Amino acid sequence: MPLLSALAGDPEIEALLSDASQLDAMLAFERALAEASAEVGFIAAEAAAVIDAALSDYVPDWPGLEAGMAQDGVVVPTLVKQLKDGLPEANKPALHKGATSQDVTDTALMLQLAKVFDLYEARLSALLERFDALAAEHGGKALMAHTRMQVALPTTWGAKLVSWSEPLKRHLRSLVAMRPSLLVIQLGGPVGDRGSFGTHGNAIAAGMAKRLDLGLATPWQATRDPIVALGSLLAQISGSLGKLGMDVTLLAQNEVGAVRLEGGGGSSAMAHKSNPVNAEVLIALARANAGLSGTLAQAQLHENERSGAAWTLEWLTLPPMLVNTGASLRLAQKLLDQLRIA
């Protein structure tokens, strides 16, 4: 939906979550698996070298991958088959040895999320710098406060700006603190106990984590509380930015006139209008993420060692939440650039 994406999307986040980016992350998993497995003697070093070369030469058959996704509910079986087609017969058993589809998919997600977090942190930091600049310029100015939509008592712009910026400082700290517990390797094998790796499972996981710059963790394929916690944080970030949008729409009303938005949206029927489009979209994105966060929480309900239904629900909710949060951060910067304090 290109038109809607222009309004409420985020091309940078969408690119980091694209099929091509996911495939790159999956190939990084297979390369790290082969190297770590060879390091502990689970596969031959020669096989790891051949796999590395094959991964570098791999050209995806995208229609085949799409058909495999539709057939198997996950793309990895077809991907592994395509990769093995490029290997000598003697080296085929070494590729993906001991691993399962969820190991590949979940670890690839962590690699993608690491880049998304980098972007979020940069945007949050830029927003906080902008708030500091606004406070330095306008913090001492008087502003009429409103409680329960009614005129209350005089306050200052400094207090209003703090109410917008302080939650974002907390969210930035939470985002940084979440990295060690969320951005971790997933390696469990078919039933999540690393039994498919013999005695080498923990050592292979450690070697992969080091190569992929991820944290080390026990298998977590059916325990999704870190993913649900991420969804909650995404809802909080977009919610705080939605609060900013809500306040700005009210302050920009002609009857209030506490702020003016330079370059607001136009009307097809009323030429005098300057609509607070970016502020309005922030509100909509906050409400969308609040609803999706509740849906994502249901993906925590895995049956025993793996749930195809819960896993699919996660795919349907987490990526839109990540894009919505990126869009909120992007649009908040645009809104602050438009903001003119009376």
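Modeller: A residue is called buried when its relative accessible area is under 20%. The model is a predicted one, and a search of the whole structure finds 17 salt bridges. One of them pairs arginine 123 with aspartate 10, with 2.4 Å between the closest N and O atoms. Arginine 123 belongs to helix H7 (residues 101–138), whereas aspartate 10 sits in the loop between helix H1 (2–8) and helix H2 (11–16), so this contact ties together parts that are 113 residues apart in sequence. Arginine 123 has a relative accessible area of 12% and is therefore buried; aspartate 10, at 0%, is buried as well. The pair also belongs to a network of salt bridges that links Asp10, Glu12 and Arg123.

Helix H7 also holds aspartate 106, whose side chain meets that of arginine 224 in a salt bridge of 2.8 Å, N to O. Because arginine 224 lies in the loop between helix H9 (201–212) and helix H10 (225–251), the pair connects parts 118 residues apart in sequence. Aspartate 106 counts as buried at 1% relative accessibility, and arginine 224 counts as buried at 1%.

Arginine 224 forms a salt bridge with glutamate 314 too, the closest N and O atoms being 2.7 Å apart. Glutamate 314 lies in helix H12 (residues 308–338), so its pairing with the loop between H9 and H10 ties together parts that are 90 residues apart in sequence. Both glutamate 314 and arginine 224 are buried.

Note on methods:
Residues numbered from 1 in each chain as written. Predicted model: local features only at pLDDT ≥ 70, side-chain atom pairs only at ≥ 80, totals over all residues. Heavy atoms only, no water. Salt bridge = Lys/Arg side-chain N within 4 Å of Asp/Glu carboxyl O. Helix = DSSP H or I, 4+ residues; strand = E, 2+ residues; numbered from the N terminus. Buried < 20%, exposed > 50% of the residue type's maximum accessible area, 1.4 Å probe, protein only.
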